[in-house]
Amino acid sequence: MATQIPAARASRIGSALVAGLGLMRAFFARGTRRRRQEEILLDLLRQLTLMTEEIHRANLIQQYRLTLDQMDRAIDDPSLADAGSTLTGLPVAKRRQMIFANREYGSLLMAHRVGLYDWEELKGHLRVLCRNKLFAEYWDRTVEHRRSLPAESIEARVGAVVDVMIEELADDPEEWWIVGPTSSCGESGEPSSRRPAPS
């Protein structure tokens, strides 16, 4: 004999079952919705980070354009060069050369900072620039300028690499394509030289 369930009780069980399933769906849907919201939020944060980096690069480029404009004016007008240069006692032609050497170095540094050159490409361009005698003179005359840079700054780390390159070129100018550190700067910001230190 089959057990009979009154219709009212069956409908309550069915309603409870439907309600329970609805709650479970809502619970899992809420979890799915929450995960989706978290994914959207993380995606928005990634996009915001990229946009912030792009704005920073655009600001660097704009500042560099202003600096180039000032350098160009200083090259063209010796009285402006007097106002903007700390290199004193130089003939007008020599001062123009020093300003232009600074401009060339700054262009390479900017290209690296905005991502145009990676570290190895930057070192390759610096090797070529360091072969130039006027650049080497500029570098020697401006050594005091670089002493105030924070050691962890990109300018200080690149400057340390250029120091090594110029020193190694003075020792052996024939092998210019291998001067400088063999790898990027370490944690401390000090470049590792490809040649062992003299004992």
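Reply: Buried means under 20% relative accessible area, exposed over 50%, and partly exposed in between (1.4 Å probe, protein chains only). This is a predicted model, in which local features need pLDDT of at least 70 and side-chain atom pairs count only at pLDDT 80 or more, while totals for chains, interfaces and linings use all residues. Residues are numbered from 1 along each chain as its sequence is written, and side-chain values use heavy atoms, with hydrogens and water left out.

A search of the whole structure finds eleven salt bridges, each being a side-chain nitrogen of Lys or Arg within 4 Å of a carboxyl oxygen of Asp or Glu. One of them joins Glu144 to Arg147, with the closest N and O atoms 2.9 Å apart, and Arg147 counts as exposed at 58% relative accessibility.

In helix α1 (residues 7-76), Glu39 and Arg36 lie three residues apart, about one turn of the helix, helices being DSSP runs of H or I with at least four residues, numbered from the N terminus. These two side chains form a salt bridge whose closest N and O atoms are 3.5 Å apart, and Glu39 is partly exposed at 45% relative accessibility. Arg57 and Glu54, also both in α1 and three residues apart, meet in a salt bridge at 2.7 Å, N to O; Arg57 is partly exposed with a relative accessible area of 25%.

Lys94, Glu137 and Arg141 are linked in a network of salt bridges. Arg146, by contrast, is buried yet has no salt bridge, the nearest side chain of opposite charge, Asp163, being 4.2 Å away, where Lys and Arg count as positive and Asp and Glu as negative, with His and the chain ends not counted.

How values were computed:
Helices (H or I, at least four residues) and strands (E, at least two) are DSSP runs, numbered from the N terminus.
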